[in-house]
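Welcome, and thanks for opening the viewer. Please load the model, show it as a cartoon, and follow along one selection at a time.

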Amino acid sequence: MPKREEDRILREWTPIILRSILIVAMVVLGAGLVLTYTFAPDYYVERYQAAQHGHLIGKEPVGLLFDRVRQGNPHAVLTIGLFVLTLVPLARVAFCFMLFVRERDYTYVILTAYVLAGLIVGALAGSAG
Amino acid sequence: MLEILIDLLALAVGAGFIGAISGLGGGVFIVPALVIFAHMPMKVAVGASLISVVATSAGASVAFVRDGWTNLKVAMVLECATVTGAVIGAYLAGVVPTVVLELLFAAMMLQSAYFTVTKRGDDILTKGDPLAERLELAGEVPDLSGNLIHYEVVNVPQGGALMVVAGLMSGLLGIGSGALKVMAMDYIMHLPLKVSSATSNFMIGVTAGAGALVFLARGDVATTIAAPVAIGVTAGALAGSRVLPHLKVESLRIVFVIILLLIAAEMGWRALSGI
């Protein structure tokens, strides 16, 4: 496939990927805030004041988080929304990597694979530390 | 609760707007604003800031990529350098005294401000260097009257070296280093300033995204603050991405210099106050 076609696919599909995940994240975050405002406004103010003193909820197992989302827990819904948002740039790099593999553009396959590997190693090392 | 939400949303919309047009994310405003006005500790502010940088990057990049302002290949090449710097920086954290880095960063911002003030317009090159040509980094951007202008790229290794430093600073100080990224592309690689800004915006999301995932996985993000900030910053970034194409390069340079001076002041303040 000519390079111009590869560039066209990148330019057309990258915004679609960014926008799709961004919309999902915003809908989840918006829903979380509406749930909080409707059912737990005092809890929100309590958590806000706790954050001012540096007290955060801390590490929660992902499985537990999904259980709490099913129960309609506003805090869990907000956390899931933030997780979805942070996946936007990583999904974009993964998409570029797959496109370059398909197009056999090996220079950019190596470059994007390197970025992906660096991000995964960094995230794993950071979350373990 | 509503009052807190409105305050956070207003703050975030402004940060996202300026972050998008300058290519610096929104963290440079979110951190001091949360520390000074919302009385949040630094750790909470940094977590929200990382989320805000991801949101600014994603929100602004939708339009910047679609309209051709972001140079995707330059971003992919330079991301290798920033990721390298960020990983090295993460391992070096604690070895190099933070105060030294913050002062060094403040000095670099002042120097960048000086370079930006002394530069006029864009240097559009018609001949790229061999490495840039091999990597097909040249691009086209519309001018204010809508005519397409072809630009070439030079000094990829030197730009990459500065990107390693930018990544190093991100890993060590937990900042986006967007200012260094814009400087490397604008001043060293001779990309048009708007392309540099849009491409920096695109790139900072990747490193901030990785950092934000770590913060979230550790439970170090105050969701009550980060959620409204993310929504507000995205709205601001979407608006900023509509405005950038219509801005004059000289106006953008003035905005950029003001922000560089603010960053220098913030870093100097962080270093001297020991926060």
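**Stop one: a helix pair across the two chains**

Begin with helix H4 of chain A and helix H10 of chain B, which pack at an angle of about 50 degrees with their axes 10 Å apart. That angle makes H4(A) oblique to H10(B). If you turn the view, note that the crossing of H4(A) and H10(B) is left-handed. To see who takes part, select A:His75, A:Leu78, A:Thr79, A:Gly81, A:Leu82 and A:Leu85 on H4(A), then B:Thr223, B:Ala226, B:Ala227 and B:Ala230 on H10(B). Coloured by class, the residues of this contact split into six nonpolar, four polar and no charged. Keep in mind as you go that this is a predicted model.

**Stop two: the whole meeting of chains A and B**

How many residues does each chain bring to the contact? Chain A gives 54 residues and chain B gives 53 residues. On the side of chain A that touches chain B, helices H1 (3-39), H2 (41-52), H4 (74-103) and H5 (106-128) each supply at least two residues. That side of chain A divides into 32 nonpolar, 16 polar and six charged residues.

Stay on chain A and select A:Leu111, which sits in helix H5 of that chain. A:Leu111 counts as buried because 21 other C-beta atoms lie within 10 Å. Which residues does A:Leu111 touch, leaving out those up to four places away in sequence? They are B:Met76, B:Val77 and B:Cys80. For a sense of scale, draw a distance from A:Leu111 to A:Glu60: the two are 51 residues apart in sequence, and their C-alpha atoms are 34 Å apart in space.

Next, select helix H3 of chain A, residues 62-70. Is this helix well covered or hardly covered? H3(A) is hardly covered, since the count of buried residues among its nine residues is zero. Step just past the end of H3(A) and you come to A:Gly72, which has a positive phi of about 80 degrees.

Move over to chain B and select helix H1, residues 2-22. H1(B) has 21 residues and reaches 30 Å from its first C-alpha to its last, close to the 30 Å expected at 1.5 Å a residue. Just after H1(B) is B:Gly23, with a positive phi of about 80 degrees.

H1(B) passes H10(B) in a right-handed crossing. Their contact holds 19 nonpolar, eight polar and no charged residues.

**Stop five: a buried glycine**

Select B:Gly59 in helix H3 of chain B, which runs over residues 42-66. B:Gly59 counts as buried because it has 31 C-beta neighbours inside 10 Å. Setting aside neighbours within four places in sequence, B:Gly59 is in contact with A:Leu22, B:Gly16, B:Ala20, B:Thr234, B:Ala237 and B:Leu238. Look at B:Thr234 in particular: although B:Gly59 and B:Thr234 are 175 residues apart along the chain, their C-alpha atoms are separated by 5.2 Å.

**Stop six: another pair inside chain B**

Now show helix H5 (residues 98-118) with helix H11 (residues 249-273) of chain B, packed at an angle of about 160 degrees with axes 8 Å apart. That makes H5(B) roughly antiparallel to H11(B). Their crossing is left-handed. Among the residues that meet here are B:Leu103, B:Phe105 and B:Met109 in H5(B) and B:Phe256, B:Leu260 and B:Met267 in H11(B). By class, the contact has 16 nonpolar, three polar and three charged residues.

**Last stop: two loop residues of chain B**

Most residues other than glycine have a negative phi. Against that background, select B:Glu136, which is not a glycine and yet has a positive phi of about 55 degrees. B:Glu136 lies in the loop between helix H6 (130-134) and strand E1 (139-142) of chain B, and it is partly exposed, with 17 other C-beta atoms within 10 Å.

Finish at B:Asn155, also not a glycine, with a positive phi of about 55 degrees. You will find B:Asn155 in the loop between strand E2 (148-151) and helix H7 (156-173) of chain B. B:Asn155 is partly exposed, with 19 other C-beta atoms within 10 Å.

Terms used
Residues are numbered from 1 along each chain as its sequence is written. Chains are lettered from A and ligands numbered from 1 in the order in which they are written. This is a predicted model: local features need pLDDT of at least 70, side-chain atom pairs count only at pLDDT 80 or more; totals for chains, interfaces and linings use all residues. A residue is buried if 20 or more other C-beta atoms lie within 10 Å of its own, exposed if 12 or fewer, and partly exposed in between; C-beta atoms are placed from the backbone. Helices (H or I, at least four residues) and strands (E, at least two) are DSSP runs, numbered from the N terminus. The expected span of a helix is 1.5 Å times one less than its number of residues. A crossing is left-handed if the near helix is turned anticlockwise from the far one by less than a right angle, and right-handed if clockwise. Ala, Val, Leu, Ile, Met, Phe, Trp, Tyr, Cys and Pro count as nonpolar, Asp, Glu, Lys and Arg as charged, and the others, Gly among them, as polar. Axes are lines fitted to C-alpha atoms, for helices over the stretch in contact, and angles run from 0 to 180 degrees between N-to-C directions. Angles under 35 degrees count as roughly parallel, over 145 as roughly antiparallel, 65 to 115 as roughly perpendicular and the rest as oblique. Two residues are in contact if their C-beta atoms, placed from the backbone, lie within 7 Å.
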